[in-house]
Amino acid sequence: MSDSKPADQFFDAAIGLLHRVRAEEAENIQAAGTMLADTVAADGRLFAFGAGHSSLAAQDIVYRAGGLALMNLLTVPGVVGVDVMPATLGSALERVDGLAGAVLDSSPLRDGDALVIISLSGRNALPVEMAINARALGVKVIGVTSVAYAARTQSRHTSGTHLKDHCDIVLDSKIAVGDAELTLDTIPAPFAPASTVVTTALLQAVMATTAATLADRGIEPPLLRSGNVDGGHDWNGRIFDKYGDRIFYRH
């Protein structure tokens, strides 16, 4: 590490990753935003899924002021965040074969919908099977992952494949294997993960593209407003009434 402060080092690393993603993933971001806009225009529904810390990026685009009201969180009990006790149980559940199929069988996902699957490594059974089974249902899948993991880690799914191998569109977060941006001689392990910062930014870029693409087609994007500004609740109420059959987080 250089003589600069660790905080500055982290900001530099995160900003560098964001610049890379902006430059190298621009085409895929546009394609993903267009796919979601196509889904909305065709009366399809939108879903997002992530396990563990990857769930943070999924939750960031659901029921969010300034975000698309139609984005729903696909939840798997025990793996959404680190609220389960012990937290290590969530990691173990990601490796269970067949769990994704059981979740999808009881979910509202159907042919014509779109699903965003976030998994940094993309190597565990849950995200891999989620993508495979969703596509078998006729659902379009956008994967958000670090492609580097597929080259440097072994899949934990029986197929030997990673999430990136089963998606219609892949967004590469460029995160290095291990998800730690800094090292220091006095600390035995690398530290300071940036995957949440980058993945969240990637998905918000996709959401912005979706909204603008719908508007370009003469379709008003179903956006939510903050409930902390005057008129926000009334605005959102009208959106919920109009699109209630495609919004599942209010049931």
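Is Leu-56 buried, partly exposed or exposed? Leu-56 is partly exposed, because its relative accessible area is 40%, which falls between the cut-offs of under 20% for buried and over 50% for exposed. The model described here is predicted. The protein chain has 251 residues, and its secondary structure comes to 9 helices and 7 strands.

**Overall shape and surface**

- A compact globule of 251 residues would have a radius of gyration near 18 Å, and the protein chain agrees with this, having 18 Å.
- Taken along the principal axes, the box filled by the C-alpha atoms of the protein chain is roughly 55 × 40 × 35 Å.
- The protein chain has an accessible surface of about 12100 Å², and carbon and sulfur atoms account for 53% of this surface.
- Of the 251 residues in the protein chain, 48% are buried.
- Take the contacts between residues at least 6 apart in sequence: 76% of these contacts join residues at least 24 apart.

**Charges**

- The side chains of the protein chain include 20 positive and 28 negative ones.

**Nonpolar cores**

- The largest nonpolar core holds 41 residues.
- Within this core, the residues that touch the most other members are Leu-36, Leu-46, Met-71, Val-116, Ile-142 and Leu-171.
- Another core, of 20 residues, lies apart from the largest one, and its members include Leu-109, Leu-126, Ala-131 and Cys-167.

- Most residues other than glycine have a negative phi.
- Tyr-63 is not a glycine, yet its phi is positive, at about 50°.
- Tyr-63 sits in the loop between α3 (54-60) and β2 (71-73).
- Tyr-63 counts as exposed because its relative accessibility is 53%, and the cut-off for exposed is over 50%.
- Ala-192, also a residue other than glycine, has a positive phi near 75°.
- The loop between β7 (187-191) and α8 (195-216) contains Ala-192.
- Ala-192 has a relative accessible area of 18%, so it is buried, given that buried means under 20%.

**Leu-56 and helix α3**

- Helix α3 is where Leu-56 is found.
- Leu-56 and Ser-159 are 103 residues apart along the chain, and their C-alpha atoms are separated by 27 Å.

**Two buried threonines in helices**

- Thr-200 is placed in helix α8.
- Thr-200 counts as buried because its relative accessibility is 17%.
- Not counting residues up to four places away in sequence, Thr-200 touches Ala-57 and Asp-60.
- Thr-39 belongs to helix α2, which covers residues 26-41.
- With a relative accessibility of 6%, Thr-39 also counts as buried.
- Again not counting residues up to four places away in sequence, Thr-39 touches Gly-44, Arg-45 and Leu-46, then Gly-112, Asp-113 and Ala-114, and also Arg-246.
- Leu-46, touched by Thr-39, is one of the residues with the most contacts to other members of the largest nonpolar core.

Terms used
Residues are numbered from 1 along each chain as its sequence is written. This is a predicted model: local features need pLDDT of at least 70, side-chain atom pairs count only at pLDDT 80 or more; totals for chains, interfaces and linings use all residues. Side-chain values use heavy atoms; hydrogens and water are left out. Helices (H or I, at least four residues) and strands (E, at least two) are DSSP runs, numbered from the N terminus. The radius of gyration is taken over C-alpha atoms; the globule rule is 2.2 Å times the number of residues to the power 0.38. Buried means under 20% relative accessible area, exposed over 50%, partly exposed in between (1.4 Å probe, protein chains only). Contact means heavy atoms within 4.5 Å. Accessible areas come from the Shrake-Rupley method with a 1.4 Å probe; for residues, only the protein chains shown count as cover. Lys and Arg count as positive and Asp and Glu as negative; His and the chain ends are not counted. The place of a charge is taken as NZ of Lys, CZ of Arg, CG of Asp or CD of Glu. A nonpolar core is a set of buried Ala, Val, Leu, Ile, Met, Phe, Trp, Tyr and Cys residues joined through side-chain atoms within 4.5 Å.
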